[in-house]
Amino acid sequence: MICALKSSFYRFFRSGLFAKTILFAFLIGLVDIFFINDFWLSYGRPRYLDNKYAVNCISALKILTPFWCGIFASSFTGKDISYRAINNKISVGIHRAKIYLADLAVAEISTILSVITSSAFICLITVIVPSKCGLVINGQLVENVLHTIIICAAFTGIYVLLQYFLSSQLFGLILSLVMIVGVCAGTIIAEDKLDQPYRVVVSHEEDSGDAVWAVNEEYIGGVPRTILTFLRDASPYYSVKSGDAEKMLSEECIAAVSVFVLSSAAGITVINKKEFN
């Protein structure tokens, strides 16, 4: 395992991906601050920023950081697979599972580093730029960063699996990036479906003007509704409008950890079974 980790970390620093991770983390933070969240609050410059603004920015990293995670997995693992450099490791006696776990470990470290760097940059801007600052490093802020790391780590686990499973750097990258959009779109569709009422007004009586109700054909009930509700609640992109927000975050984290464990197990199975010619 030590040899596999040394090889992966050597490529991580030698290829410049460490520096690129830091650079992209700053760029993600800039995009988050200036384009995702309304930085210029009034009179052309921010007047007052607090924890609420920082939490909103860090929450947006759940969407932005996975894009970098997909690019990293393609550049780091995908290139190794596409050019069959993995055969050199296998030929010198490094166990296949150890090769996969080493690549996964470095990819996850890059993910954690990216989220922490972006979050620190957001907090720094929140402190030094506005005329007044109400930012306080508290449990809520730290919990939000940890929650973002867990979500992004789950995406990274899937991306590394895709690179090994597909053995195509470009195809794996495209599928990884499309997946983020697909999860966002799927969450929106699920919310819309679950918001459909059980009954709808189809017409009004001519004499009395009373509404005539009928069962909504678009309403989803029974077991499908239970499954759809679970998938919506487990999505990291589900905006909690009411109810227990902490419970929702807990469900998202449980789902993310489950996805990470399953993808890691699947990845180890794939690398043990697949031939890399």
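# Talking through a predicted helical chain

Tutor: Let's start with contacts across the chain, and keep in mind that this is a predicted model. Among contacts between residues at least 6 apart in sequence, 76% join residues at least 24 apart.

Student: Okay, what elements does the chain have, and in what order do they run from the N terminus?

Tutor: Start with the tally: 9 helices and 4 strands. You get α-α-β-α-α-α-β-α-α-β-β-α-α.

Student: And what share of the residues in the chain is buried?

Tutor: For the overall extent, the C-alpha atoms fill a box of roughly 85 × 55 × 30 Å along the principal axes. A residue goes down as buried when its relative accessible area is under 20%. Over the 277 residues of the chain, the buried share comes to 41%.

Student: Let's zoom in on a helix pair. At what angle do H2 and H3 pack?

Tutor: H2 covers residues 17-36 and H3 covers residues 51-82. H2 passes H3 in a right-handed crossing. Their axes are 9 Å apart, and the packing angle is about 145°.

Student: How do the residues of that contact divide into nonpolar, polar and charged?

Tutor: On the H2 side, the contact includes Leu17, Phe24, Ile28 and Ile36, while H3 brings residues including Tyr53, Leu61, Trp68 and Phe76. Lys20 and Asp32 of H2 also take part, and Lys and Asp count as charged. The whole division is 15 nonpolar, 3 polar and 2 charged.

Student: What about H6 and H7: how many charged residues does their contact have?

Tutor: The axes of H6 and H7 come within 9 Å and cross at roughly 145°, and the crossing is right-handed. Among the residues in the contact are Phe155, Tyr159 and Leu166 of H6, along with Phe171, Leu175 and Met179 of H7. By class there are 11 nonpolar and 4 polar residues, and the number of charged ones is none.

Student: How far apart are the end C-alpha atoms of H6?

Tutor: H6 has 28 residues, so at 1.5 Å a residue it should span 40 Å. Just after the helix, Ser167 takes a positive phi of about 55°.

Student: Which helices are among what covers the buried residues of H7?

Tutor: First, the buried residues themselves: they include Gly172, Leu173, Ile180, Glu191 and Leu194. Ser74, which lies in H3, touches one of them, Leu173. The cover includes H3, H6 and H8.

Student: Is Ser74 itself buried or exposed?

Tutor: Not counting residues up to four places away in sequence, Ser74 touches Lys79, Gln163, Gln169 and Leu173. Its relative accessible area is 4%, and the cut-off is under 20%. So Ser74 is buried.

Student: Which residues does Asn51 contact, leaving aside neighbours within four places in sequence?

Tutor: Asn51 is found in H3. Its relative accessibility is 11%, so Asn51 counts as buried. Its contacts are Gly134, Leu135, Val136, Asn138 and Leu141.

Student: Where do charges pair up: which side chains meet in a salt bridge?

Tutor: Side chains of opposite charge can pair when their charged atoms come close. The count here comes to 1 salt bridge, at 3.0 Å from N to O. One partner sits in H1 and the other in H5, 92 residues apart, and both are buried. The two are Arg11 and Asp103.

Student: Last one: is Trp213 buried, partly exposed or exposed?

Tutor: Trp213 has its place in strand E4 and is in contact with Arg199, Val200 and Val201, leaving aside neighbours within four places in sequence. From Cys253, 40 residues along the chain, its C-alpha is separated by 41 Å. The relative accessible area of Trp213 is 46%, so the residue is partly exposed.

Methods
Residues are numbered from 1 along each chain as its sequence is written. This is a predicted model: local features need pLDDT of at least 70, side-chain atom pairs count only at pLDDT 80 or more; totals for chains, interfaces and linings use all residues. Side-chain values use heavy atoms; hydrogens and water are left out. Axes are lines fitted to C-alpha atoms, for helices over the stretch in contact, and angles run from 0 to 180 degrees between N-to-C directions. Helices (H or I, at least four residues) and strands (E, at least two) are DSSP runs, numbered from the N terminus. A crossing is left-handed if the near helix is turned anticlockwise from the far one by less than a right angle, and right-handed if clockwise. Contact means heavy atoms within 4.5 Å. Buried means under 20% relative accessible area, exposed over 50%, partly exposed in between (1.4 Å probe, protein chains only). The expected span of a helix is 1.5 Å times one less than its number of residues. A salt bridge is a side-chain nitrogen of Lys or Arg within 4 Å of a carboxyl oxygen of Asp or Glu.
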